[in-house]
Amino acid sequence: VLLKHVCPAIMNLSPHQRPRGRQHLVRRSAMLKAAWAITAAAGVARVGDALLVAPPSCDVVVFDQADSHLGQRTMVVEDRERRRMLVLTAGSDRSQPCELRWWLDHNPQGVVRCRAKAGSATTTSARSRLGMCDPAECDPDPTAVELGYVRSMLASILFVPRATRHGMSALCIELACRTRVVRTHVATGALLEQPAVVSQWEPRQRRKVLVIGLGSSTMALWLRHALPETELHAVDLSPGVVAAAPCFGLASAGGGNDTATAHLHVGDGRGFLAKQQDGSFDAVVVDAFDADASLPSCFRTREFFETARQKLSPGGALSLNLLSMGKASLQVLRSLELSFGARSVWIGDAPGAEGIQTVVAAFAPTDAPVALPSGAAAGGAAPERRLRSSAAGHVAETSVERRDAAAEVQAEAWLHRARFRQLSVMPLEGLHKAEAFRDEEICKAHF
């Protein structure tokens, strides 16, 4: 009775009741655990027509590390369906994931499903607690990117806008039209506008990418799989988060995996970026959050955006996730506008969290198109096509090229759903009256 009536009521919420955005997986996981707790309390669970005794038990902790200087405890918890969740909590919190209440009080920062065969939970847990997670224990599907804002940010890495030379109507821009504006005289002398697109987006070079904020490694896993020859760097302030990356199947360069191209760093993301050579990154992705799940203050200022622009290659992309914060959001956009120029800043949707989150992409100036040169391989710097001859004498794609092509197809679909609009044509009331954030006001650490 409980399974038939209570659980569907929990899971089948109406659209306006459903959790959205970053908290979707968190709430969904909590709901599933709530359903299990209800059936466990009754002592039974229904599988088909059979009733099975299913006593409650703790989820397996496969990684557990406390960083005293941050006052933070980093955990990776694996449930019965081999979903691994990153949980960050207070350093003084020594509780274990054994009750429903624990999951209501501890929100996962990310979820990755492992496809590999489960090993011994006891052995895995004991070894992982020493900071020795083996990436071979979790074989994730890196293409399974569920959060809309992550998809939009990844799409902004692979594609670059190429502005058209034709003017657009405000209505057409708002509707994200697809063809050029064509003015046609009709019998009355009036002008009609056919649908147009704000810009054409095309694949771009991505030789070196920086991700600030590692989390459960979702972005890094996709980038490493989709663009295996791109030099990938990821930096996180938390030593525990970086140490937990192998628990999600992410092997770092120098970690015994010759095919790995992920370089993991512990430290302040802004400080790390400032130390790099100018023009060294083709994309910088900021996926860092503060205690309120908002963009950290030191990543909102004009000084940070100036630094990011200097570190980007010509046409390079800075992509960040912005929660709707009213006046503060306008100040962030104003800071970006002053650093990059309104025509170089694009606002995209975070599917599933429209009205709550937006994705902002800003592109460094360039005097020439930054699309891939003819015959270039999408994932790397070499201009030659990586081809090999088959036994039959035909030319076949390498696995690298197949991955690049598949990544572009997936990212192009995400780009379409993101509906990026140019900041210069968006009717944002109060934008030009908003004051840009400055380091001296909100970021004392870098002032």
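M85 stands opposite V111 of strand 6. The model is a predicted one. Strand 5, residues 83-90, pairs with strand 6 in the antiparallel sense, over five bridges. Both belong to an open sheet of four strands, ordered 3-4-5-6, with antiparallel pairing. Strand 3 (60-67) and strand 6 (108-113) are the edge strands of this sheet, and each pairs on one side only. On average, neighbouring strands here are turned by 15° against each other, direction ignored.

Eight strands make it up, in the order 13-12-11-14-15-17-16-20, and the pairing is mixed. Strand 13 (262-266) and strand 20 (421-422) have a single partner strand each, so one side of each is left without a neighbour in the sheet. Strand 14 (residues 281-286) pairs with strand 15 (residues 312-323) in the parallel sense, over five bridges. Within that pairing, V284 has L318 of strand 15 as its bridge partner.

| Helix | Lies across | Angle to strand 15 |
|---|---|---|
| Helix 10 (residues 302-311) | strand 14 and strand 15 | about 145° |
| Helix 11 (residues 327-340) | strand 15, strand 16 (345-349) and strand 17 (357-363) | about 175° |

Now to a pair of helices. Helix 5 (residues 148-158) packs against helix 7 (residues 218-226) at an angle of about 40°, and their axes are 11 Å apart. Their crossing is right-handed. Helix 5 makes the contact with V150, M153, L154, I157 and L158, while helix 7 uses T218, M219, W222 and L223. Which kinds of residue make up the contact of helix 5 with helix 7: nonpolar, polar or charged? Eight are nonpolar, one is polar and none is charged.

Some of these names return in the largest nonpolar core. That core has 54 residues, and L154, W222 and L223 touch the most other members. Helix 5 gives the most to this core, seven residues. What does L223 contact, leaving aside its neighbours within four places in sequence? The partners are L154, I157, V209, V211, P228 and L232. Another core lies apart from the largest one; it has 33 residues, including F272, L318, A328 and F340.

Technical notes: Residues are numbered from 1 along each chain as its sequence is written. This is a predicted model: local features need pLDDT of at least 70, side-chain atom pairs count only at pLDDT 80 or more; totals for chains, interfaces and linings use all residues. Side-chain values use heavy atoms; hydrogens and water are left out. Axes are lines fitted to C-alpha atoms, for helices over the stretch in contact, and angles run from 0 to 180 degrees between N-to-C directions. Helices (H or I, at least four residues) and strands (E, at least two) are DSSP runs, numbered from the N terminus. A crossing is left-handed if the near helix is turned anticlockwise from the far one by less than a right angle, and right-handed if clockwise. Contact means heavy atoms within 4.5 Å. Ala, Val, Leu, Ile, Met, Phe, Trp, Tyr, Cys and Pro count as nonpolar, Asp, Glu, Lys and Arg as charged, and the others, Gly among them, as polar. Two strands pair if DSSP finds at least two bridges between them. A nonpolar core is a set of buried Ala, Val, Leu, Ile, Met, Phe, Trp, Tyr and Cys residues joined through side-chain atoms within 4.5 Å. Buried means under 20% relative accessible area, exposed over 50%, partly exposed in between (1.4 Å probe, protein chains only).
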